[in-house]
Amino acid sequence: MVKDALGNEIIIGRKYGYTINQNGHIQVITGTAKSFTKLKATLENIEESTGIYGEAGPFKKQDRSRSAYGCNMFPVAQS
């Protein structure tokens, strides 16, 4: 079972998010947990926002899945 950044087990079907920051370029990714391996979780129904130096733009839906290490993911409040 993969754990998120808070130390809780990642739950399939729950929404999670993580960020990537490389040389001032920011990506914020959210999605629904689809599956996991020993260390990584795969998110589907991706929404992504990008920006530069702390200012991210609007979220755009992406028709793909993304995988990341569970320790980088945080649960996202569901409305």
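This report walks through strand pairing, one proline and the ring contacts in a predicted model.

**Strands**

Start with strand β1, residues 15-22. Its partner β2 spans residues 25-36. The two run antiparallel and are joined by eight bridges. They make a hairpin, with two residues between the strands. Asparagine 23 sits in that turn and has a positive phi of about 50°. Glutamine 22 faces histidine 25 of β2 across the pairing.

Strand β1 also pairs with β7, residues 74-75. This pairing is antiparallel too, over two bridges. Here tyrosine 16 stands opposite proline 75 of β7.

**Proline 75**

Proline 75 belongs to strand β7.

What does proline 75 touch, leaving aside residues up to four places away in sequence? Its contacts are Asp4, Leu6, Lys15 and Tyr16. Leucine 6 lies 69 residues away along the chain, yet the C-alpha atoms of proline 75 and leucine 6 are separated by 8.6 Å.

**Rings**

How many aromatic pairs does the structure hold? The count is zero. One ring does have a charged residue over its face: lysine 40 lies over tyrosine 69, at 4.8 Å from the ring centre.

Technical notes:
Residues are numbered from 1 along each chain as its sequence is written. This is a predicted model: local features need pLDDT of at least 70, side-chain atom pairs count only at pLDDT 80 or more; totals for chains, interfaces and linings use all residues. Side-chain values use heavy atoms; hydrogens and water are left out. Rings of Phe, Tyr and Trp (its six-membered ring) pair if their centres lie within 6.5 Å; planes under 30 degrees apart count as stacked, over 60 as edge-to-face and the rest as tilted. A charge sits over a ring if NZ of Lys or CZ of Arg is within 6 Å of the ring centre and within 35 degrees of the ring normal. Two strands pair if DSSP finds at least two bridges between them. Helices (H or I, at least four residues) and strands (E, at least two) are DSSP runs, numbered from the N terminus. Contact means heavy atoms within 4.5 Å.
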